[in-house]
Amino acid sequence: MDNASSFDTKHARLDGRMLIVGFGCIASSSLPLLLRHIDMDPGAVTVLCLPTDDIAIAQEYGVAIVQEALTEENYRTVLQPLVGEGDFLLNLSVNVSSEALVRYCWECGALYLDTSIEPWSGGGASQKGPPSRRSNYALREAVLAFRLDKRDGPTAILTQGANPGLISSLVKQALVNMAADSNMPVGRLASFEDWATLAQRLDIRAIHIAEHDTQIAAARKAPNEFVNTWSVQAFIEEGLQPAELGWGTHERHWPADARRHGFGSDAAIYLTRPGLATRVRSWTPLGGPYHGFLITHGESISIADHLTLRENGEVVYRPTVHYAYRPCDDAVLSIDELAGRGWVPQERERILREEITEGIDELGVLLMGNERGAYWFGSQLGTEETRRIAPHNTATSLQVVAGILGGIVWALSNPRAGVIEPDDIDYETVMRIARPYLGEVVGVYDKWTPLTQHSRLYEEPRDDSDPWQFLNIRVA
């Protein structure tokens with residue numbers, strides 16, 4: 001970590017152009033590290049963003065800037081002069097259809113990466129229709145249907161940020177670590193079935209994407225203001241989608257508000273309530289026990305799907321997988337105010353960046369069920385270190401950028417992989433590229449279970465025979 005050369009190495013070369021779509025918090029945080037580690041001409045980089053986006057960092061680094069909104073009606077006309085064969089489209093926008101851009105890149109021979117599967121404006125949380133059609137599950141199934149006969153073609157990596165993205169590599173590294181700690185030989189892990197078999201052998205029943213953000217600023221949240229350490233608009237959008245989780249084979253208690261989608265892989269279910277109104281119990285090494293929000297995320301579905309074992313067409317093993325997010329204090333207050341407003345967004349928003357005074361983002365995976373205890377593996381990244389190693393970043397944005405960088409390097413080395421997810425990527429490459437930007441990367445066992453957080457003052461539904469039941473994890 002302290003070796004300066006870790007921050008000077010060119011990891012891959014791009015001979016074509018790079019188009020960055022969107023220039024919000026994550027895009028502006030990514031640009032300095034992309035130019036640091038990808039061997040490319042800064043003059044070949046273009047930022048395509050909204051007229052309202054802050055372009056100061058793009059101007060500082062001397063890249064071309066086009067300020068025009070992409071819409072369902074104009075995107076082909078706008079993209080045509082900006083991206084073509086051999087180029088790279090990095091989609092970090094909100095309300096621009098990932099599927100449409102993937103299809104366009106496939107047709108013109110360009111590489112592609114995004115950090116979440118987005119619909120056109122008016123889709124997602126704000127679109128009309130039943131909850132299933134507003135879910136990440138439905139968005140994922142649509143893109144996976146497109147890729148069915150397109151395995152050999154320009155690489156398009158879906159959802160490769162921190163979570164989703166980097167988190168899939170953390171799960172694989174955690175499984176390898178746990179196997180080594182148990183003196184369990186694993187052999188060559190070459191397929192999804194190999195990874196699922198390993199998880200089954202380790203008795204992993206549930207996996208949390210366990211994140212606890214403690215970053216604060218001197219100026220606290222004001223009334224009628226939503227404060228966050230990353231995109232406010234994107235957070236509200238995903239938080240108002242139905243809560244979604246991969247549904248494990250060990251589960252014995254079907255939630256009263258749970259529904260199946262009735263199409264696709266059937267690896268996940270959804271609840272008939274938004275993620276911002278759904279709490280779960282979880283744990284991180286520094287934060288300890290906490291209540292987090294069960295926000296829908298693509299990795300909850302893709303990890304559960306990839307860690308599924310079938311025999312004669314029947315599912316015999318799958319862990320329950322979901323996000324357990326405890327955002328920064330001001331974001332928690334903002335969510336409470338948002339709920340009180342009937343989920344009508346506040347008139348003002350503020351993303352904490354340079355004004356952050358202290359705190360860390362503790363982001364990792366919590367694997368539960370093994371006899372040694374719950375195992376958390378992930379990144380503990382603080383404000384001071386972030387500012388030392390990466391300009392224009394916060395701890396939260398840098399963890400996302402690290403995942404993006406790892407994905408781009410892999411894509412440039414594997415330009416004909418077709419449309420893929422983070423679970424398809426070589427996790428060791430992603431970890432090698434990302435690790436210098438993740439602060440302390442630790443693996444910790446603990447005897448914590450969600451039952452230790454249940455209050456004895458009031459009766460709550462619980463199953464003492466198996467602490468890892470979602471019944472115990474969900475806050476009633």
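Reader: Which residues of H6 meet H13, and what makes them a contact?

Author: In this predicted model, Leu166, Ser169, Leu170, Lys172, Gln173 and Val176 of H6 meet Tyr427, Val430, Met431 and Ala434 of H13. They count as a contact because heavy atoms lie within 4.5 Å.

Reader: How do the residues of that contact of H6 with H13 divide into nonpolar, polar and charged?

Author: The contact of H6 with H13 has 7 nonpolar residues, 2 polar and 1 charged. Lys172 is one of the residues on the H6 side, and Lys counts as charged.

Reader: At what angle do H6 and H13 pack, and how far apart are their axes?

Author: The angle is about 110 degrees, and the axes are 9 Å apart.

Reader: Why is H6 called roughly perpendicular to H13?

Author: Angles of 65 to 115 degrees count as roughly perpendicular. The angle here is about 110 degrees, and that makes H6 roughly perpendicular to H13.

Reader: What makes H13 mostly covered?

Author: Buried means under 20% relative accessible area, and 6 of the 8 residues of H13 (residues 427-434) are buried. They are Tyr427, Thr429, Val430, Met431, Ile433 and Ala434. Helices H6, H7 and H12 and strand E23 are included in what covers them.

Reader: Which atoms come within 3.3 Å at the start of H13?

Author: There, a side-chain oxygen of Asp426 reaches to within 3.3 Å of the backbone nitrogen of Glu428. For such a pair, the cut-off for a polar contact is 3.5 Å.

Reader: Back to H6: how do you know that Ser168 is buried?

Author: Ser168 lies in helix H6. Its relative accessible area is 3%, and buried means under 20%, so Ser168 is buried. Leaving aside neighbours within four places in sequence, Ser168 is in contact with Ile303, Pro422 and Asp423.

Reader: Ile303 belongs to H9, then. How many residues of H9 are buried?

Author: For H9 (residues 298-306), 9 of 9 residues are buried. Among them are Glu299, Ile303, Asp305 and His306.

Reader: Which residues touch the most other members of the largest nonpolar core?

Author: Ile20, Ile38 and Ile408 do, in a core of 96 residues. H12 gives the most to this core, with 12 residues. Not counting residues up to four places away in sequence, Ile38 touches Lys10, Ala12, Leu14, Leu405, Ile408, Val409 and Leu412.

Reader: What about the second core: which residues does it include?

Author: This separate core has 26 residues, including Leu19, Leu48, Leu82 and Val83.

Note on methods
Residues numbered from 1 in each chain as written. Predicted model: local features only at pLDDT ≥ 70, side-chain atom pairs only at ≥ 80, totals over all residues. Heavy atoms only, no water. Buried < 20%, exposed > 50% of the residue type's maximum accessible area, 1.4 Å probe, protein only. Helix = DSSP H or I, 4+ residues; strand = E, 2+ residues; numbered from the N terminus. Polar contact = N/O pair within 3.5 Å; in protein donor to acceptor, adjacent residues only side chain to side chain. Axes fitted to C-alpha atoms, helices over the stretch in contact; angles between N-to-C directions. Parallel < 35°, antiparallel > 145°, perpendicular 65-115°, else oblique. Core = buried A, V, L, I, M, F, W, Y, C linked by side-chain atoms within 4.5 Å.
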